[in-house]
Amino acid sequence: MIARERLGDIERLVLSRPERRNALTPAMFEDLAGHVERAGDARVLLLLGEGTVFCAGFDLDLCVGEAGDGNLRALLEGLSRCIAALRALPCPVVVGVQGAAIAGGCALLGGGDVVVAHPEAKLGYPVTRLGISPAVSAPFMGIAPGQARRLMLDPGLIDGHRAHAMGLVHELHDEPAARAMELAEELAAKPPHALAATKRWLNELSPANAGQGLDVSLSLVGSDESRRLLAAALQKK
Amino acid sequence: MTDLATLDIAGPIATLTMNRPEARNAMSLPLLDGLHARLDELPTTVHEGPHVLVLAGAGKSFCAGMDLKSVLGDEAAPPKLLHSIANLTTRLRNLPMVVVAKVNGAAIGGGCGLACACDIVLSHADAKLGFPEVDLGVCPAVVAPLLVRKIGAGRARAILLRGGLMTGTAAHEVGIADDLADTREGLDALCEAVAHRLAAGGASAIAATKQLLTELDGSGDAALAKRGADLSAAVLATPEARERLAAKFAG
């Protein structure tokens with residue numbers, strides 16, 4: 001459910017579960033993290049979503065019932081590992097967001113160095129209403145702390161225009177996937193050592209304590225509140 | 001040598017000008033020495049010194065960045081240039097007065113970084129700003145902390161890794177330029193209006209506010225600036241950077 005292709009110096013990874021709006025499973029995170037961690041020799045990593053939605057977030061069907069808590073834990077750990085791996089990759093990461101990027105899908109943007117989105121794409125973290133904390137992605141937020149506060153606490157969604165105005169998205173385009181590919185080709189032609197040194201220095205200037213955010217999100221898994229809200233949300237669906 | 005940087009003080013407003021227009025005010029060692037010398041002369045006692053310092057470029061450019069062309073082949077020179085620029089940015093950050101960058105034209109690489117070290121950046125729609133360091137195999141390590149403070153970590157990441165240049169209008173949209181005139185001619189009036197507005201403020205209030213802001217964002221940290229200079233110098237010495245630079249200056 002992660003389509004991987006090496007196009008010259010560009011490692012292209014596509015979330016490919018369009019029939020479920022690319023909803024993320026523990027197995028998908030495992031594959032995604034593995035591909036990212038093995039892409040060290042690429043000049044650019046390009047992350048896209050197949051279909052009309054970039055990513056609807058965690059597959060919540062997996063998060064109820066007997067295996068629910070364990071799956072939710074695995075999803076949070078997988079998400080944290082993936083964002084950290086994207087951040088740690090020496091080469092730049094370009095993300096093309098053609099449609100909705102919700103919750104865990106929005107969190108993946110934190111691993112992107114250059115994010116292109118459709119102006120009408122919907123983004124945000126509607127997860128506190130499920131008793132889930134988006135803290136897992138907080139350490140990787142590149143926007144102003146005051147704006148991150150609102151984005152993560154308010155379950156409402158924002159559109160591409162707003163996301164661009166706050167710096168969550170760096171460029172708006174009507175064809176985000178094609179534009180992201182263009183940007184990837186542009187970056188792949190640049191001197192790799194300078195890019196790697198610059199990315200490493202930027203990482204050092206804004207250190208991300210992935211574990212701290214992950215622990216907060218994990219601490220809520222299995223709570224009565226979380227189980228109740230998740231079950232109620234799925235019943236409504 | 002001293003006329004490479006000039007300092008004019010008119011009441012509460014001082015203007016420090018980079019004066020090497022034939023080289024687009026590229027920062028050579030003599031130009032940097034001049035800037036440091038003029039800053040030594042600037043009265044910095046609150047209430048006695050000016051409230052506002054305008055940093056400007058003579059001619060059509062603000063500053064084309066570090067003058068690497070003049071030191072091609074001299075391996076000892078780039079670290080000196082980088083440390084002098086890092087030191088300059090820290091000094092501007094630690095001045096008690098408001099520092100305004102008047103970006104009248106090109107502000108490239110270290111020149112754009114110098115603008116970001118100022119408290120307020122004014123420019124015009126057609127000015128060219130940006131950080132093309134990575135295109136040359138160079139790492140913009142001295143300016144990165146300043147850009148991160150100016151526009152946030154996420155945006156700084158996208159801009160520094162993509163390299164290239166942008167118009168004044170784009171720089172305004174992304175937050176590098178705080179205020180924008182429509183034309184180069186209009187920038188004079190804008191800068192004068194902003195400088196006078198700032199000069200009307202209480203010197204102690206300005207100094208206390210600026211000091212707190214600098215403390216909060218850590219941007220007056222000389223050790224961090226120095227590490228940036230060391231890192232940038234190390235990348236400049238790599239074969240990748242040398243080849244790119246040699247090709248650029250040969251062509």
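The structure is a predicted model, in which local features require pLDDT of at least 70 and side-chain atom pairs count only at pLDDT 80 or more, whereas totals for chains, interfaces and linings use all residues. Residues are numbered from 1 along each chain as its sequence is written, chains are lettered from A and ligands numbered from 1 in the order in which they are written, and side-chain values use heavy atoms, with hydrogens and water left out.

At the interface, 32 residues of chain A are in contact with 27 residues of chain B, contact being defined as heavy atoms within 4.5 Å. The size of an interface is often given as the accessible area lost when the parts come together. Here the two chains bury about 2400 Å² between them, with 61% of this area on carbon and sulfur atoms; buried area denotes the accessible area (1.4 Å probe) that two parts lose on being put together, summed over both. A:Pro191, A:Trp201 and A:Leu202 account for 27% of the area that chain A buries against chain B, more than any other three residues.

Between chain A and chain B there are 5 salt bridges, each being a side-chain nitrogen of Lys or Arg within 4 Å of a carboxyl oxygen of Asp or Glu. A salt bridge joins the side chains of B:Arg162 and A:Glu186, with an N to O distance of 3.7 Å.

On the side of chain A that touches chain B, helix 5 (160-166), helix 6 (176-188) and helix 7 (192-205) of chain A each supply at least two residues. Helices (H or I, at least four residues) and strands (E, at least two) are DSSP runs, numbered from the N terminus. Helix 7 of chain A gives the most to this side, with 12 residues. The residues of chain A that touch chain B comprise 15 nonpolar, 9 polar and 8 charged; Ala, Val, Leu, Ile, Met, Phe, Trp, Tyr, Cys and Pro count as nonpolar, Asp, Glu, Lys and Arg as charged, and the others, Gly among them, as polar.

Over all chains, 1 aromatic pair was identified, by the rule that rings of Phe, Tyr and Trp (its six-membered ring) pair if their centres lie within 6.5 Å, with planes under 30 degrees apart counted as stacked, over 60 as edge-to-face and the rest as tilted. The ring centres of A:Phe29 and A:Phe58 are 6.0 Å apart and the planes stand at 90°, so the pair is edge-to-face. Because A:Phe29 lies in helix 1 (residues 26-37) of chain A and A:Phe58 in the loop between strand 3 (44-49) and helix 2 (68-88) of chain A, the pair ties together parts that are 29 residues apart in sequence. Both A:Phe29 and A:Phe58 are buried, where buried means under 20% relative accessible area, exposed over 50%, and partly exposed in between (1.4 Å probe, protein chains only).

Elsewhere in chain A, A:Ser217 belongs to helix 8 (residues 210-219) and is buried, at 2% relative accessible area. The side chain of A:Ser217 reaches the backbone oxygen of A:Ser133 at 2.7 Å. Neighbours within four places in sequence aside, A:Ser217 is in contact with A:Leu76, A:Ser133, A:Pro134, A:Ala135 and A:Val136.

In chain B, B:Thr89 is located in helix 2 (residues 77-94) and is buried, with a relative accessible area of 5%. The side chain of B:Thr89 reaches the backbone oxygen of B:Ala86 at 2.7 Å. Beyond its neighbours within four places in sequence, B:Thr89 is in contact with B:Leu114, B:Ala117 and B:Leu146. B:Leu146 is one of the buried residues of helix 4 of chain B. In this helix (residues 144-151), 7 of the 8 residues are buried, and B:Gly152, with a positive phi near 95°, follows.

Most residues other than glycine have a negative phi. A:Ala103, although not a glycine, has a positive phi of about 50°; A:Ala103 is placed in the loop between strand 5 (101-102) and helix 3 (104-107) of chain A and is buried, at 11% relative accessibility. B:Arg24 also has a positive phi of about 50°. The loop between strand 2 (13-18) and helix 1 (29-41) of chain B holds B:Arg24, which is partly exposed at 44% relative accessible area.

How values were computed. A polar contact is a pair of N or O atoms within 3.5 Å; within protein, one must be able to donate a hydrogen and the other to accept it, and residues adjacent in sequence count only if both atoms are side-chain atoms.
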